[in-house]
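Work through the exercises below with the model open. Each task is followed by a stepwise solution.

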Amino acid sequence: MYDNGEGVPQDYVQAHKWINLAASRASGPDAEKYRKARDVVADKMTSDQIAKAQQLASEWKPKTWDELKGR
């Protein structure tokens, strides 16, 4: 999505973040697929952008149900 700007503005940092999170939670062939996709995006990025994406991925945490409901 973010890599190609499909439905959202193109943003390699966000693309790398989300693919990196997917890779970290997947196993087997899926994990390898995500790692390869992440590396393809990384080839389009500067080292500063990659560092920012890695920082965002490490800081990301899912919202709680209450947060999603707006409590």
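**Exercise 1.** Classify S27 as buried or exposed in this predicted model.

Solution. Take the relative accessibility of S27: 58%. The cut-off for exposed is over 50%. S27 therefore counts as exposed. Now place S27: this residue sits in the loop that links α1 (12–25) to α2 (28–42). Finally, compare S27 with Q10, 17 residues away along the chain: their C-alpha atoms are 27 Å apart.

**Exercise 2.** Find what the buried residues of α1 pack against.

Solution. List buried residues of α1; among them are V13, H16, I19, N20 and A23. The buried residues of α1 pack against α2 and α3 (47–59).

**Exercise 3.** Describe how α1 and α2 are arranged.

Solution. Start with the angle between α1 and α2: about 160°. Over 145 degrees counts as roughly antiparallel, so α1 and α2 are roughly antiparallel to each other. Their axes are 8 Å apart. The crossing of α1 past α2 is left-handed. Last, look at the contacts: residues of α1 including Y12, A15 and I19 meet a set in α2 that includes A31, Y34 and R38.

Key:
Residues are numbered from 1 along each chain as its sequence is written. This is a predicted model: local features need pLDDT of at least 70, side-chain atom pairs count only at pLDDT 80 or more; totals for chains, interfaces and linings use all residues. Side-chain values use heavy atoms; hydrogens and water are left out. Helices (H or I, at least four residues) and strands (E, at least two) are DSSP runs, numbered from the N terminus. Buried means under 20% relative accessible area, exposed over 50%, partly exposed in between (1.4 Å probe, protein chains only). Contact means heavy atoms within 4.5 Å. Axes are lines fitted to C-alpha atoms, for helices over the stretch in contact, and angles run from 0 to 180 degrees between N-to-C directions. Angles under 35 degrees count as roughly parallel, over 145 as roughly antiparallel, 65 to 115 as roughly perpendicular and the rest as oblique. A crossing is left-handed if the near helix is turned anticlockwise from the far one by less than a right angle, and right-handed if clockwise.
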